[in-house]
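Dear colleague,

Please find the structure below, together with a short account of what was found in it. I would be grateful if you would read the two side by side.

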Amino acid sequence: MTTERPHGLMAHLPMLWPAGMLVLFFVVPFGIMLAVSFFHQVQGAFFEPAFELDNYGRFVSAFFGRALLFSLWISILSAAIVVAVAFPFTYFLTRLRRRAQVPILVFILAVLSLSEVIIGFSWSTLLSRNAGLSNVMVWLGMLPRPVAWTPSFGALLMGMCYLGFPYTVLIVYPAMSRLDPELPEASRMLGASPFRTFFTIVVPVLKTSLMGAVIMVFVFNLGAFLLPQVLGRPPHWTLSVHITDQAVFQSNIPFAAAMAIFLMLFSLAFIGLTLVLGASREAPR
Amino acid sequence: MSRLGSKLFMGLVLLFLAGPLIVVAGVSLNGAQQLLFPPRDPSLRWYAELFNQPDWLNAMGNSLLIAFTSAALAVLIAFPLAWFLWRYRVRYGSVLYGLGVAPFTLPPVITALGFLVFWVSVGLYGSIVATIVSHAIFFVTLPLVTITLGLNSIDRQVVEAATTMGADERKVFTTIILPLIRPYLISGYAFAFVLSLNEYIVAYMVSGFTVETLPIKIFNSLRYGYTPVMAVVAVVFMLFAALVFGLIARFGDLPKLLGAWSKD
Amino acid sequence: MSGLRIDHVGKSFGMFEALKDIDLDFPDGKFICLLGPSGCGKTTLLRVIAGLETPTRGRILLDGTDISGLPAHRRNLGMVFQSLALFPHLTVGENIAYGLRIRGADQATRRRKTEELLDLVRLPGTADRQISQLSGGQRQRVAIARALAIDPKLFLLDEPLSALDAKLRETMQVELKLLQKRLGISTIVVTHDQREALTMADIVVVMNHAEVQQVGSPLDIYRNPVNAFVADFIGSSNLLTGVVGGEDGVIIVDGLPVQTEAGRALVRGTKASISIRPEEVLVHPGTETGPNHLPAKVTFVRDLGASVEIMLECSGREILAVSSPRTRPAVDTGDAVTIELPPAACVVLAS
């Protein structure tokens, strides 16, 4: 609000409590996790202090390397699909009258709040043999008998698109709703069809928002740990799944920590990229 | 022409979003203990079961308690931070904001593992306090973003006017700022609350074996056999979220809370 | 059958009627102003013509063809928006050539036309500039050039000058008028500023409450307002109420006869209002009698240098009389005086 700087201890006080909490319960855990990633795994207990690069070494193996590549691949693919659909969707949404927008927004928020568990469960049901969509199609005469469409790559991809969609809408919504409605109108008056208007005016003007959304959803998708287990087979297990698996079921916390640190650095790099993009947008305006 | 096309497109997308939920709702009404759709012998017995079986009720109690307290704690942390960054200009401002946003933006597995490691080291692994604090930090981002949005939407001239009329810093805060951002405080809390209810991985990693929340119970049930109560929980969560956000929409300006300009 | 015809057009947004029954005929090549207070429907009417809104009832005909069914991007009308709506990610030249590009003009043609238009709006050589580098007045001109680039049949402007400061506004009013005269293109401007309308328009359409109140030349509307709203909205006006004395145009005000030159048929005994412009009211010191003389009291005198404004109370109404310093009547605040209303200046309005 102001360009004022805080003077004295009293002024700094409101900030110390949240900063303290965040440092204690976020920075410190990460520091410990970083340290643990160098520790030695102990069977039956959690870990013992050591310094070995074994954990990072294991990580470079073909097995986990493949898991990493698969994670990146499906995350970027899903992000691309989701943004390609959510961007025009949000555009149409923001052109509606406020009163019409509200029920749709409530629905989107409700879907957003659903956890991965419920989404995983819902999709595995929808694509299952006994209880799924294929039954409806049999009933309609489009299929001879019900089919299980899960687990599969397609099922996982659909699930992840579903997961990321509401998130994307909410990221893009502010910029989209602030778009001067007269810009697309001017384009139409000059002879551009609505289709052309969308691609030559709306998308370029909101370019930074679009890029930011792709990156945010990409990072978001990297975090999917349940859907790959429920809708996919072991080859489809992403890095996040392996981290959970190693930490909880293989009791190899140091290794899990190493993978987590790597994933974190990767994510931070991309998030940093979004912030840089956002900052660079401030200049030309 | 294009009006129809855009409506059709939106309709298809919304159908896609609603699809799994419709199936789950159908499954929850199935009479037998089977995963069937369309439901046979539709009945509400599983809904009754949710509210009768002690282990499900226990899980619900845990979830509600954690959501209640962690959301409040999240707002208590986010509010002073957002206010401080709005009120003053500090060089480390973006670092602080980044710190507040990081827990939620990073893949949850990472944050969950970090908490696991921390609570193990501190000796509080498995306690409900650990879950509450973890959730609070994890969800700090939500009220932080909404409250920041709210503060930024305050017209500076309104504050200046109050100052010229004799209001000191504290008066301005209680009479101008607080009322204006109250809807954002509430929506930030509601957001964190609803997401905490639904949250799985952090709760699981931190105290999953001792403190069973509803999502944890669902996932455990997924592995050990199916019971329609899982579907019931999904439906109840969905309706609850719709209710909370519907209420916010009813009493507030939802588009504005999500970042649109106010209605002119 | 050339020109624009608005055939019994109505537009409702749900329960709200934005346009009631608009029926207008505009010949080619004229400068038309849609004038009225906010919410009167003028912008809605412009948008219906442009194709950005579809009318609930009625049709729009351009040169005899019904264009009501055509979507906006096929109507080939040039429009300048209130916010200007210049594309921020394109240069000045790219903005202007946007419509040409869509119509498949090659690069050479685009460049040539862009230069021509920039010369026309007096911004030569600026084709490669960014929009953000331009001032408000310059952006205005780019918006105008862009709309004209497609050789439109109509030139539509929605409150084009409202964002400019007063001095610039006056300059642009004249420029716009000269531009229109030079190009001969039918132009419709929406404005709430009656001075703007009187300066630029050949035809003024006064609107209020979703209806057309009066259509005519600026002078015509000023001199012969058809009702109290128009009289009051255009320039400042004085209104006196009375009763019709007879069919010869005499209105009885407070028992005294005022002769007017009412052309319309009046029914004796009905209520009527007289509208007269402040510059026509004559003020005589002291009490005089005579035809069209009414007693009044001076409530305030304002010496503005270039003119003198005398505020009076007459027949329970506030009357304003304006004169030049040279012909200033010798009156002061509180004086009992007589005002004279020349018959030719009195306009009778139905009550």
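**Domains of chain B**

In chain B, nine residues of domain 1 are in contact (heavy atoms within 4.5 Å) with eight residues of domain 2. Domain 1 covers 1-43 and domain 2 covers 53-257, bounds that come from an automatic or database domain assignment. Their centres, taken over C-alpha atoms, are 29 Å apart. Between them about 630 Å² is buried, 79% of it from carbon and sulfur atoms; buried area is the accessible area (1.4 Å probe) that two parts lose on being put together, summed over both. B:Val24, B:Ser28 and B:Gln33 supply 54% of what domain 1 of chain B buries against domain 2, more than any other three residues.

**Basis of the model**

This is a predicted model, in which local features need pLDDT of at least 70 and side-chain atom pairs count only at pLDDT 80 or more, while totals for chains, interfaces and linings use all residues. Residues are numbered from 1 along each chain as its sequence is written, chains are lettered from A and ligands numbered from 1 in the order in which they are written, and side-chain values use heavy atoms, without hydrogens and water.

**Confidence in chain A**

The mean pLDDT (the predictor's confidence in each residue, from 0 to 100) of chain A is 83, and 89% of its residues reach 70 or more.

Yours sincerely
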